[in-house]
Amino acid sequence: MKSNAPPQDQESSTIDHPPQFDPLQPCSPISYPIKTLEELETRSYFESFHCPFNKSSVPLKPTSLPNRPRLLVCHDMQGGYVDDKWVQGGTNADAYAIWHWYLIDVFVYFSHNLVTLPPPCWTNTAHRHGVKVLGTFITEWDEGRIICNKLLATKESAQMYAERLAELAIDLGFDGWLINMEVGLLEEQIPILEEFVSHLTHTMHSSMPESLVIWYDSVITTGNLRWQDQLNEKNKPFFDICDGIFVNYTWKSNYPDLSAAVAGDRKFDVYMGIDVFGRKTFGGGQWNTNVALDVLKKANVSAAIFAPGWLYETKQPPDFQTAQNCWWELVAKSWGGVNNYPKLLPFYSNFDQGQGYHISVEGNQLTDAPWNNMSCQGFQPRLEFIDGPTPDAIQFIVDFKEESYNGGGNITFKGTLEDNVPFTIRLFQGELLLDNVPLVVTYSVKSKGGSLLGLSLQFSSLLSERISVLVAPSEMNGLSHKFSKVIMPSQVGKMASKWIVHEGTVAMDGLMLTEIHAVCYRTKSTPRELRSESEVRGDNQDSALSPSLAEYSAVLGHITIKNSSDNLFFPPSTAWLTESQYIKYSLISQGFKTASLKILWKLKDGNNFLFPKYNIYVEKLAKQVDGNAAGRLEDTRVYLGAAHVQAFYISDLSIPSHIGRLKFIIQACAADGTCQELDDSPYMLVDVEGQ
């Protein structure tokens with residue numbers, strides 16, 4: 001497997017830490033690879049300051065891969081560990097991300113380092129969408145031969161290194177390994193290599209039954225490095241002792257059928273490679289990636305898309321967001337969706353893609369600084385026009401520049417509509433079987449004028465009967481007959497800025513929730529809002545002959561669906577233990593310093609329950625004056641970031657001379673998107689050194 005970097009950039013294909021980098025010393029947590037067998041053997045990674053921060057916090061429900069052609073996506077971009085290496089998030093609002101998870105079964109994080117550990121942001125968001133995540137073990141070039149001589153010295157050494165890899169995956173919470181041995185070996189080393197692959201597969205399965213070990217089409221049974229571009233007798237012995245093979249991407253049109261015949265009843269474990277950069281790949285990759293997918297779909301084997309970051313690296317026009325959506329739409333048309341959600345309750349999405357230009361909590365904007373953190377990515381919608389006067393009457397996009405209700409994303413709807421003529425967009429396709437407990441549906445909207453937005457829930461019965469329920473804040477005159485049931489929600493919660501939160505209850509015992517739609521509509525427009533169709537078109541036709549239109553503008557901030565029986569409980573602040581570690585002060589100038597420290601929290605009763613996210617804030621408290629207690633200064637509560645484990649590192653926090661104490665607040669956020677009241681949240685006080 002070749003790097004997606006051009007030849008002159010090959011030296012930059014691995015992450016280079018500055019000479020002073022010491023993994024044992026506290027600093028902003030990062031993800032990084034293991035570069036030597038010595039590091040792997042001694043388990044030094046587990047002693048790193050960064051290790052606890054790199055654990056995935058989103059478990060994947062143990063499920064076998066489906067018995068159908070699957071889609072594997074292998075991420076290889078700029079050597080890996082770019083913006084995604086910052087575990088607590090970075091400052092690049094244009095950082096690379098994937099959000100078309102409904103098309104993907106398996107995600108591989110790849111780099112040209114010996115042991116590539118997936119940054120937890122990838123594992124968290126992939127698991128949230130039901131996708132397995134693999135790290136990569138690779139040996140290549142002359143250094144790789146030296147490594148293999150040690151790795152394959154004995155059967156015992158092969159087993160030991162396999163166990164080290166399994167331990168890393170299990171401890172960090174990802175789902176297995178891609179094994180890529182791109183070196184020539186001695187034929188007598190092959191049995192030990194087979195023991196390495198077999199033992200890794202067995203060890204992974206013993207600890208994580210639905211884990212995966214996938215072999216890359218490289219070295220063959222004679223020890224020669226010969227990419228076969230198919231499954232055949234020269235590489236099948238490796239395929240037989242693991243969970244699948246990633247076939248090199250220079251295959252010919254008849255190779256998928258040949259590979260399927262060799263695989264027999266395991267043909268879905270054959271992942272035929274497609275290089276999006278197009279280097280000798282079938283169909284040419286790039287904007288023709290679907291050409292190869294069509295052939296693989298017909299052959300009834302699986303596909304492995306390599307380096308979809310091509311879109312980002314080559315700056316495909318007009319912009320990354322648009323190009324990414326268009327490219328993955330080609331994949332969708334060829335391959336079809338593989339994941340549906342909601343599948344479980346509670347279901348919550350704020351449409352956040354994991355980057356943006358602001359962050360909000362329940363309608364209150366906390367920061368307007370650019371940021372990225374894919375661990376914050378919510379369930380991503382599958383936006384598609386369903387019904388309306390014309391498909392382009394309303395423009396709808398996932399937007400992270402418009403003010404959000406929660407996080408940094410939302411869906412905006414803008415255009416023109418006639419009164420009581422709805423426009424419907426699909427948001428999600430689900431597989432949620434309901435019981436006799438009613439659903440509570442909550443959503444937030446910010447709109448202008450008479451623009452209204454409701455949700456239409458589509459259900460199906462065992463008899464394939466389709467039932468639609470509209471949850472909408474105002475009656476659509478004469479249109480209620482389009483729905484099986486109409487529910488008028490109540491307004492709940494705090495009114496923050498211009499956001500309105502709607503909540504309704506739906507009872508559908510024994511039915512399956514299959515789709516969620518957004519329904520845009522208007523009540524009677526005011527004369528000022530009315531625009532004739534001719535004005536919208538900009539022509540001079542007689543407006544009296546055209547129906548009157550009015551501007552439509554609404555923003556959907558979030559959706560929550562949960563059981564009415566769910567009782568949300570946030571442990572009070574007194575239930576938590578908090579601790580600070582590694583406190584370091586630096587004097588910047590007279591009377592002005594910075595502080596760096598790690599804060600930790602856990603429940604006193606020993607319960608290991610982990611909330612999906614914790615918002616971290618600091619309040620800077622003034623020194624005591626004339627015996628009076630220190631008090632919080634006005635407007636000094638500052639949002640620091642989001643944690644997905646029960647620890648957070650604060651780096652170089654500025655402390656003016658009049659500050660005597662720091663109060664760190666840890667706000668738990670539940671799976672339904674609800675956040676604990678700040679006054680009830682756990683906190684920790686730190687006296688400023690020398691004050």
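This is a predicted model: local features need pLDDT of at least 70, side-chain atom pairs count only at pLDDT 80 or more; totals for chains, interfaces and linings use all residues.

Tutor: Residues are numbered from 1 along each chain as its sequence is written, and side-chain values use heavy atoms, with hydrogens and water left out.

Student: How far apart do the end C-alpha atoms of residues 82-358 lie?

Tutor: An unreviewed UniProt entry places the feature "domain: Cytosolic endo-beta-N-acetylglucosaminidase TIM barrel" at residues 82-358; such annotations may be inferred rather than shown by experiment, and feature names are shortened, with positions in the numbering used here. The span is 36% helix and 17% strand, where helices (H or I, at least four residues) and strands (E, at least two) are DSSP runs numbered from the N terminus. The end C-alpha atoms of this span are separated by 21 Å.

Student: Which element gives the most to the lining of the second largest pocket?

Tutor: On a 1 Å grid over the protein atoms alone, a pocket is an open set of points with protein on both sides within 12 Å along at least five of seven lines, a cavity is a set where a 1.4 Å probe fits but cannot get out, and lining residues have an atom within 4 Å of a point. The second largest pocket holds about 880 Å³, a volume being the space filled by probe spheres set on points joined across faces, edges and corners. Of its 31 lining residues, Trp99, His100, Gln321, Asn325 and Gln353 are the closest to the centre. Two or more residues come from helix H10 (320-335) and from strand E16 (394-399), and the most, 8 residues, come from H10.

Student: How many residues of the lining of the largest cavity are charged?

Tutor: The structure holds 3 cavities of 30 Å³ or more, and the largest cavity has about 160 Å³ of space. Among its 20 lining residues, those closest to the centre are Asp83, Asp84, Ala95, Tyr96 and Asn372. Ala, Val, Leu, Ile, Met, Phe, Trp, Tyr, Cys and Pro count as nonpolar, Asp, Glu, Lys and Arg as charged, and the others, Gly among them, as polar. On that scheme the lining has 11 nonpolar and 7 polar residues, and the number charged is 2.

Student: Is Thr281 buried or exposed?

Tutor: Thr281 is found in the loop between strand E8 (270-275) and helix H8 (289-299). Leaving aside residues up to four places away in sequence, Thr281 has contacts (heavy atoms within 4.5 Å) with Tyr249, Gly273, Ile274 and Asp275. Buried means under 20% relative accessible area, exposed over 50% and partly exposed in between, with a 1.4 Å probe and protein chains only. Because the relative accessible area of Thr281 is 7%, this residue is buried.

Student: To which residue belongs the backbone nitrogen that lies 2.9 Å from a polar atom of the side chain of Asn92?

Tutor: Asn92 is in the loop between strand E1 (71-75) and strand E2 (106-109), and is partly exposed, with a relative accessible area of 24%. Beyond four places away in sequence, Asn92 touches Asp83, Tyr312, Gln355, Trp371 and Asn372. The backbone nitrogen at 2.9 Å from the side chain of Asn92 is that of Asp94.

Terms used. A polar contact is a pair of N or O atoms within 3.5 Å; within protein, one must be able to donate a hydrogen and the other to accept it, and residues adjacent in sequence count only if both atoms are side-chain atoms.
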